[in-house]
Amino acid sequence: MLFGADNLDTLVNWGLGVDSTAYIAKMLTDPAAHGIDLDRTAVLYMATGSEWPETRLLVEQFMLPLLREHRVRFVQLARTGQLKAAGITVLDDSRCPQKLYDRGPWTLWDEMEAVGTVPQQAGTRKCSLRAKGEVGDRWITPVFAGRPFRQVMGFNADEAPRCVGDEAASKLPGRTGVFPLRDWGWDRQTCENYLFERFKVNWPKSYCTFCCYPVSMGALPAHLERMRAHPDIAGQVLRLEYTAMSLNPNAKLYGSRSLLELFDPRLPRDRACLDAFERELDTEWALYRVRRLFLLSATGKRRVLRSVHRVALGSPTDLEQRVRAEAAAHGCKADLDPRYGRSRYWLRPRGEHLPMGEELFTTGPAHVIDKQDPSFERKWQHVVEPASTQLTLL
Ligand code: SF4
């Protein structure tokens, strides 16, 4: 059911995780006492497409009935496509939500796989902005059209810097960020305890299965356990990482560490994840030509442009023969991974001084599409000697 939005004055951002779930569950015990008029409030959820199954199940088991009981307006959104111009999709908008939508027409996973990369660790969480922040803002902007509204954010009492950051980053006209958990003094543990007392379950962290942040935040053992509980998901994430690392050896999921190196093949539950990974690799492969330009901007910042072109399709072994022959013809050493099947060689290795160009041929699962920055060829010609662009493919 779709609603008009004229009467709204409060939005609650719900990421499905411990903090925002604890807030909603507690607030619903007495909305008025928590300054909430449910007739004028909507809960917003942005589907990324890769939430863990147990989070989805717990939401449907415990939280959706609560939302239905209190007739809370629950708006489920997703990005519609890769380009911003594709807009957003309203998956559901209801005071009687029957299910949690786990994905929309576009997902971060689709994007990562098509580009052959993993979420960036450094800098801003671009993936989160693309899959959640921008999506919510695009729904909010026409709904409020500049009218004042409060947006409740589930940052806990240990996350004061995030509250400050939210206030500084907020660009929506009329918006005031509200941080009730901080104001109540509820830290993470308090939220976990509350949900356990309320529902008798340990509410899990909410994040994409391929996210790097739980690990950088010190939750590696729990993260690996979650992978072991879902070997098929582990296999898919390993494939995503393996493809990304085929195109760029530095594209490890966790910065200095790869997911693959964290599994011990001698342990049965780890072995199950690795077996699932091998099943994922049993697909069509491609030979890719990958070129990277490392440039220096006028302000001294490093800028990287990339060109990926799919040269051929085939089985890993057939493509390996070709890589071996081409590497030999160009006097290069082939880099082979006999365990999982990748083969590659660098026609132009990465140098040390900017600007520079890197060029390699690599095999990997055939999920990556051709992609190149519009200015790439011109800049490549400028930076790299013309001779290297005239190579003959065997
Ligand atoms: S959970 Fe991780 S991968 Fe998913 S959007 Fe957030 S930061 Fe990105």
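M227, R228 and A229 in helix α9 meet P231, A234 and V237 in helix α10 in the predicted model, contact meaning heavy atoms within 4.5 Å. By class, this contact has five nonpolar, no polar and one charged residues. Ala, Val, Leu, Ile, Met, Phe, Trp, Tyr, Cys and Pro count as nonpolar, Asp, Glu, Lys and Arg as charged, and the others, Gly among them, as polar. Helix α9 spans residues 220-229 and helix α10 residues 231-247. Their axes lie 5 Å apart at an angle of about 110 degrees. Axes are lines fitted to C-alpha atoms, for helices over the stretch in contact, with angles from 0 to 180 degrees between N-to-C directions. The two helices are therefore roughly perpendicular, the term for 65 to 115 degrees.

Residues are numbered from 1 along each chain as its sequence is written. Local features need pLDDT of at least 70, side-chain atom pairs count only at pLDDT 80 or more, totals for chains, interfaces and linings use all residues, and side-chain values use heavy atoms, without hydrogens and water.

Strand β3 covers residues 73-79. Helices (H or I, at least four residues) and strands (E, at least two) are DSSP runs, numbered from the N terminus. Seven of the seven β3 residues are buried, so the strand is largely enclosed by the rest of the structure. Buried means under 20% relative accessible area (1.4 Å probe, protein chains only). R73, V75, L77 and R79 cover one side. F74, Q76 and A78 lie on the other. Strand β2 (residues 41-46) pairs with β3 in the parallel sense over five bridges, where pairing requires at least two DSSP bridges. A42 has R73 as its bridge partner.

Methods:
Parallel < 35°, antiparallel > 145°, perpendicular 65-115°, else oblique. Buried < 20%, exposed > 50% of the residue type's maximum accessible area, 1.4 Å probe, protein only.
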